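Here are my notes on the model, point by point. Have the coordinates open while you read.

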Amino acid sequence: MSFPRLFNQFVLRALLREKTRTTIAALGVGLGVAVMIAIRLANVSVTETFRAAVDSVGGNTSLRIRGAAGRFDEQLFAALDPIRSYGHLSPVIEAYAMVGDGDFRSDTIDGFPRGELLHVLGVDVLLDFPLRDYEVLRVGATEKQSAREALRLLDGSRSIILTEKFLRRHELRVGDEVPLTFGSLTQAFTIRGVLLDRGPAQTLDGNFALMDIAAAQLASNRLGFLDHVDVLLRPEFSTEDILADIQLALPKGLVAELPDATSGRADTMIAAFQFNLSALSAVALIVGLFLIYNAVAMSVAARRAEIGMLQAVGAGRRMVLSLFLTEAVFMAVVGIAVGLPAGRLLGSAAVTATAQTVETFYIAAIAESSASSLHLTLTDILAVVCIVVPLALMAALVPAWEAATVQPVDAVRGSGKRLSPRALARAAMAGLLSLGLGWLLTFGKPIGGVPILGFLAEIALMLGGALLTPLALRLVCAGVRSVSHHLLPARRTEIRLAASNMEGELPRLSVSVAALGISLSMMVAIAVMVGSFRETVVYWLDSALSADLSIKPVMQTSAVSEARLSRRTFDVVANDTDVVDTIWFGARQLPYQNRNIRLATTELEKTLERARLIFKAPPIEKITDDSVVVSESFSLLFDSPAGTSIELPTSKGSSSFQIAGVYYDYASNQGTILMDAAVFRQHYGEKDPLLTAQTLAVYLRPEADIEQVRSRILGQLGPDEQIYCVTSREVRAEALKIFESTFAVTYALQFIAILVAGMGVASTLITLIYKRQKDIGLLSLIGATGKQVRRVIVIEAVLLGGVSQLVGIFIGILLAMVLIFVINVQSFGWTIQFLLPVQFIIQSTLLVLIASGLFGLYPAIRAAGVDALQTVREEHA
Amino acid sequence: MLRTTIFSLSLLLLGGCGREPVDTSDALTDLFPIHASPAAMTSHDDWTAALSPRAFAFPGDHASHEDYRIEWWYYTGNLEADDGSRFGYQLTFFRTGLNKEPNNPSKWAVRDLYTAHFAISDLRGDQHYCFQRNSRSGIGRAGAEVQNYAVWNGDWKAWLDGENHRLQAGESELRIDLTLSPEKPLVLHGERGLSQKGAMAGNASHYYSFTRLMTEGTIRIGGKNFKIKGRSWMDHEFSTSFLEPGQLGWDWLSIQLDNGIDLMLYRMRRDDGTTDPFSSGSLVRKDGQVKHLSVTDFRITPLRDWTSSATDATYPLDWKVEIPGLGYQLVITSAFDEQEMTTNDTTGINYWEGAIEIAGSSAEGSVTGRGYMELTGYAGQGLGALFE
Amino acid sequence: MSDSDFLHAENVTKLYGADTARHEALRGISFAAERGEFVAIRGPSGCGKSTLLHILGAMDSPTDGNVWLNGRRLDTLGLDELAIVRRRYVGFIFQSFNLLPTLTVQENVSLPLLLDGVADREASERSISALADVGLQSRTQHLPSELSGGEMQRAAIARALAIDPDLVIADEPTGSLDSANGLRVLELLANLNATRNITVVMATHSADAAAFAKRVLHVKDGQIEKEEGADVLSSPV
């Protein structure tokens with residue numbers, strides 16, 4: 001018989017006949033593909049959107065000159081003349097503004113509003129055109145170009161050019177005014193032109209604005225400073241060759257670097273975001289692989305009965321094998337077809353959900369703009385095919401091989417093979433070794449700043465868990481059997497039957513349970529980590545928020561943007577009768593080694609007095625001219641404990657500082673250097689804008705009414721000063737809100753894990769039922785009622801889910817410990833107090849058990865419907 | 001003086017950056033106000049108008065006049081190396097006031113736009129090189145001193161060194177470093193230096209020239225330094241407004257004759273093809289005495305057209321000049337054709353500015369000479385529209 | 001109700017499938033057996049003997065006609081009620097021994113009792129006793145896969161005995177066994193029939209096996225073709 005004909009008769013028809021099983025298997029593969037693709041898309045898309053934002057704003061820049069300490073004095077621009085022989089120079093101010101006309105404050109009572117973010121590029125429009133691809137700039141509707149109109153960008157300090165997309169979205173026209181908030185000040189800017197949707201205009205989905213450099217300096221409060229100078233080299237120079245020469249030609253305090261370096265450093269900004277997604281993606285991958293493996297393996301295993309028939313009609317082993325492998329590929333393809341579009345949708349959802357959890361809403365904006373532009377590339381599809389098809393083949397190979405080599409007598413006698421105690425012991429031993437290896441790996445140092453060994457430890461732990469699964473399964477089955485009459489005397493027979501059934505399928509079930517257990521362990525691990533982190537931060541918040549009120553500009557300072565309070569705000573607050581003291585604080589990015597850190601300055605003495613810092617390492621005794629305190633993450637990231645000294649770039653080149661203390665800071669994982677204002681002034685100059693407050697901690701007279709003070713301050717400032725004026729309680733609530741939304745991701749994770757567990761249980765059982773039809777028929781034959789049969793299967797389902805959860809909790813806690821004590825410390829520099837979220841674990845266990853039971857219902861109903869006579873009838877066939 | 005247009009044209013750079021524009025204007029019309037108001041970019045009221053002759057005082061008046069909106073310093077000349085190689089050069093600094101009192105304390109705030117043109121004509125191989133710069137003052141990037149004459153745009157600069165004018169400019173491998181000494185006193189054009197450009201009061205400029213500057217220095221071209229000698233012409237003109245609707249372009253000639261006489265002539269062309277009545281000229285005698293020429297005092301007639309392959313613009317390159325009252329009959333020939341100033345890659349503004357040869361006769365006999373010629377309004381749209 | 005009404009089928013019809021694919025397995029068969037009778041049903045493959053056996057053993061319901069077992073009407077019972085009848089009153093022995101491969105021999109034997117709610121201890125005692133009756137007392141903790149074919153069939157008989165059945169249904173009980181083991185199984189059945197007054201209905205196509213019965217029914221095309229009495233059978237062949 002020919003292969004296609006056989007395939008049609010024995011595979012396709014069978015698949016059609018067994019619609020439910022086929023559907024579940026294909027859906028299983030599909031869900032796996034969907035989850036995999038979703039996370040891949042989300043990760044890639046966010047990274048790409050981010051890079052695209054950096055790159056398109058960077059334009060044709062061949063290299064970038066910046067201050068060693070970041071922003072630099074504009075007077076140094078004149079000293080760049082020697083560089084001009086290499087190419088074209090363009091000074092740049094890069095800022096962010098919040099779009100809005102209104103009153104952000106109305107929201108501040110119950111939280112921090114999320115405005116629309118605008119990436120503002122301030123350039124010398126006379127110089128910048130060779131550098132950036134402002135492909136088409138329109139300043140008039142009818143004329144293609146109009147000098148007079150374009151020059152209006154230079155005219156006045158509040159002119160702005162916006163993108164076509166932005167204008168359409170906001171229904172604005174050239175000539176209209178748009179209110180923008182830089183820092184705390186809201187001002188109207190006049191739209192002078194339109195950028196077509198090309199080049200930098202594509203940044204942040206059109207939320208890009210072009211301003212003249214002078215206006216940008218004024219608006220972003222950076223008079224006298226430049227963010228960087230972009231260089232377009234003459235074609236005869238190659239960037240790599242010339243970089244060192246340029247470096248030498250630069251005045252002190254300035255450095256040249258490739259534009260990539262900026263995005264490289266900026267990448268650390270999305271690290272936290274990506275970490276969340278990566279955790280999801282690890283789960284997704286394993287779950288996806290499991291689903292696919294399980295679906296195919298079970299589907300093929302279920303067809304053993306047909307092998308005899310095939311062999312009877314003269315199909316050789318090779319034929320049988322290839323038939324089933326083809327079936328596996330067929331299912332994989334159907335699954336991929338279902339999974340790809342589903343993954344696209346899931347990806348958007350994942351990005352949107354995760355976007356809620358990130359520090360800055362710049363990243364959120366990027367994530368959102370990328371969520372809307374997720375697209376499947378050929379590479380994605382190929383990657384999925386390359387993972388799924390071989391995996392499906394692998395999953396099919398074992399049962400298909402068994403099928404091909406099955407002997408008729410085996411079929412008659414039934415398998416009934418139990419895993420030998422020796423094999424069990426061997427697997428368990430390997431599992432323990434693997435756990436030990438994982439433990440050893442946790443002692444490793446990070447490699448290139450990445451906790452690679454930590455991740456390897458996680459893998460070893462998971463492997464250990466998987467290898468211990470057969471033993472766990474065996475012990476649980478035996479245990480349940482022996483205590484069944486105590487447990488549920490009325491159901492003891494069903495429980496025993498279920499346990500025996502499972503023991504009889506130990507090898508195959510071990511694979512399923514191990515995979516389920518590992519996906520559940522991810523859920524547990526992340527829940528433990530997030531829960532621990534939350535508690536730790538709450539503790540920190542309670543101590544660190546000693547002020548009665550915190551005042552910040554509405555456009556908050558973050559890793560990318562800086563926002564300041566106006567002088568007026570400062571005065572209004574300081575002069576309020578109920579205010580006894582204020583402490584101001586400012587921070588900005590500082591390039592340090594190969595990343596960006598936060599350079600912060602404040603009135604350190606008062607800060608210490610008010611006990612706003614919790615120290616990890618020796619509380620400082622005295623602040624000298626050269627001492628700083630650093631955050632724990634800085635200390636860990638750069639291996640700089642208290643007492644050591646560090647070399648920091650300053651506006652004068654670089655200076656050495658003594659680390660006087662290390663404090664906990666969960667507000668940023670970038671690593672912060674906190675300097676007393678006096679020290680800062682000395683090293684960075686009097687004029688540095690950082691000496692203007694970004695936030696203000698306000699202390700009130702004990703008898704003052706906070707609400708009154710707040711409304712008095714807000715009232716005096718009027719609508720043009722956009723600030724948050726929040727109480728410590730509100731800050732705390734806001735921080736917790738962020739955690740809650742992080743938990744939302746955990747819940748999503750939990751949901752996925754439980755769904756997958758349920759589906760895994762169902763597909764495993766459905767397949768087992770096919771395999772055990774004769775046994776089930778027999779059970780019914782010797783007098784088991786339908787109800788009894790159903791119970792047996794549901795109990796099996798619950799046991800499967802339960803053991804998976806057991807493995808999940810065990811491995812999950814180990815994973816969480818590695819996450820908290822190794823990976824987290826190495827990549828974020830945060831100490832988190834380990835805390836077991838008992839409630840979550842109990843709750844998720846109950847959910848898993850319930851879900852397993854519910855998902856077991858369908859196979860149970862099918863089992864009860866098995867014709868009791870099927871087994872005896874076929875003897876006479 | 002009418003060279004002003006060129007820098008004004010250069011403002012166009014803001015609009016197009018020279019790339020092939022994608023015509024999507026139709027799709028975008030909804031983003032613009034329905035009635036686009038052609039409001040002036042800056043009110044001229046803020047600036048001082050050239051209404052009456054000025055009491056010039058030198059050397060102070062060589063420097064910048066910041067109360068006026070428009071000002072330029074214009075150097076052209078014919079140079080000759082020891083080996084007989086001949087070159088022409090042009091170095092021009094423009095200042096255009098955009099916003100007399102910017103409400104932004106930033107150093108980058110633009111009060112004035114500084115534009116500069118630099119060109120060299122290499123008569124050995126008929127090669128013409130031209131460059132343009134547009135700058136704001138920024139951090140000392142460009143500027144014009146108000147006390148002691150010095151004007152610069154990047155490393156292109158002109159300044160006064162005693163009586164002498166010093167010029168330095170370089171771009172790529174081309175470089176000039178020149179010292180210019182007046183052979184004649186400076187000349188005030190028009191009515192005591194007030195040169196009327198249009199019918200309206202205030203549409204005029206303060207305008208003077210050094211018509212004959214002995215020039216020495218070096219020119220670097222093709223990797224080689226030449227010690228050169230020659231003769232230059234300098235114009236300095238400042239005003240607030242001058243062009244009027246209907247004025248299309250102009251032909252401007254500076255002529256230095258061997259007999260010691262210098263001649264400046266310009267013809268303003270109207271869009272109806274006629275010569276504008278405010279066309280004029282000056283004849284500077286050997287002793288520096290000036291005779292003002294009105295539109296009726298001279299006649300210039302194009303003799304030969306040349307079409308640029310770069311811009312498709314057709315320029316009249318050879319001319320017949322007649323000043324009947326003084327007995328001059330001159331034939332002007334371009335030193336070579338290809339001396340078009342093209343700024344396609346930046347502003348898209350094109351004009352012809354180059355070295356010329358003069359031959360002919362005066363009442364005293366035959367004369368020859370050299371000079372510079374500027375032809376504008378032959379490529380592109382009507383320029384007057386830019387100066388409403 | 002007399003003893004002759006212990007197992008009674010009246011005008012039983014069984015249809016499989018529908019329309020053109022319809023197959024009439026039984027066409028109005030009537031059958032009766034007394035308590036303690038040993039009846040063999042013979043006939044070629046597909047004659048309907050298994051179907052008749054299933055209906056008599058409460059495994060299947062007739063399409064038409066009535067069936068009584070020990071005074072209970074079976075043809076009107078639902079699936080679960082039939083299951084309860086089976087586990088209380090009917091023992092089964094099949095060609096392929098039909099033991100659950102994951103349970104030990106003793107667990108297999110006690111399963112019907114446990115399913116019926118019999119206490120663990122009693123079920124255990126009864127199953128051990130039943131296994132002793134079939135000579136498997138030493139094999140109680142083995143898995144079926146560890147037994148020989150004859151042993152498995154004896155274990156199946158023990159399972160049938162453990163419930164103390166009124167009726168044992170045997171469908172080709174020797175079909176998968178060699179003659180020695182087959183003989184032993186048949187002797188066991190005859191012995192049970194004789195000593196415990198258990199009614200045995202056995203389907204077989206073997207004349208040797210049928211020889212153990214007191215009465216033999218010949219079924220063909222879903223109808224009883226002829227019936228032979230015990231005297232006929234016991235006469236030398």
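How many residues does the contact take from chain C and from chain A?

1. The contact takes 31 residues from chain C and 27 residues from chain A, two residues being in contact if their C-beta atoms, placed from the backbone, lie within 7 Å. On the chain C side, the elements giving two or more residues are α1, α2 (79-89), β6 (90-94) and α3 (105-115). The biggest giver there is α2(C), with six residues. That side of chain C divides into 15 nonpolar, eight polar and eight charged residues. Here Ala, Val, Leu, Ile, Met, Phe, Trp, Tyr, Cys and Pro count as nonpolar, Asp, Glu, Lys and Arg as charged, and the others, Gly among them, as polar.

2. A word on conventions. This is a predicted model, where local features need pLDDT of at least 70, side-chain atom pairs count only at pLDDT 80 or more, and totals for chains, interfaces and linings use all residues. Residues are numbered from 1 along each chain as its sequence is written, with chains lettered from A and ligands numbered from 1 in the order in which they are written. Helices (H or I, at least four residues) and strands (E, at least two) are DSSP runs, numbered from the N terminus.

3. Now look at R159(C), which is found in helix α5 (residues 149-162) of chain C. R159(C) counts as buried because it has 29 C-beta neighbours inside 10 Å (buried means 20 or more other C-beta atoms within 10 Å, exposed 12 or fewer, partly exposed in between). Leaving aside neighbours within four places in sequence, R159(C) is in contact with I782(A), N108(C), V109(C) and P112(C). From R126(C), R159(C) is 33 residues away in sequence and 9.8 Å away in space, C-alpha to C-alpha.

4. Chain C also has an open sheet of four strands, in the order β2-β1-β4-β5 with antiparallel pairing (strands pair if DSSP finds at least two bridges between them). β2 (23-33) and β5 (72-73) of chain C stand at the edges with a single partner strand each, so one side of each has no neighbour in the sheet. Eight bridges join β1 (residues 7-16) of chain C to β2(C), and A9(C) stands opposite F31(C) in β2(C).

5. Over in chain A, the axes of helix α14 (residues 421-441) and helix α15 (residues 452-487) come within 7 Å and cross at roughly 160°. That makes α14(A) roughly antiparallel to α15(A), the cut-off being over 145 degrees. The residues of their contact divide into 18 nonpolar, four polar and one charged.

Conventions:
Axes are lines fitted to C-alpha atoms, for helices over the stretch in contact, and angles run from 0 to 180 degrees between N-to-C directions. Angles under 35 degrees count as roughly parallel, over 145 as roughly antiparallel, 65 to 115 as roughly perpendicular and the rest as oblique.
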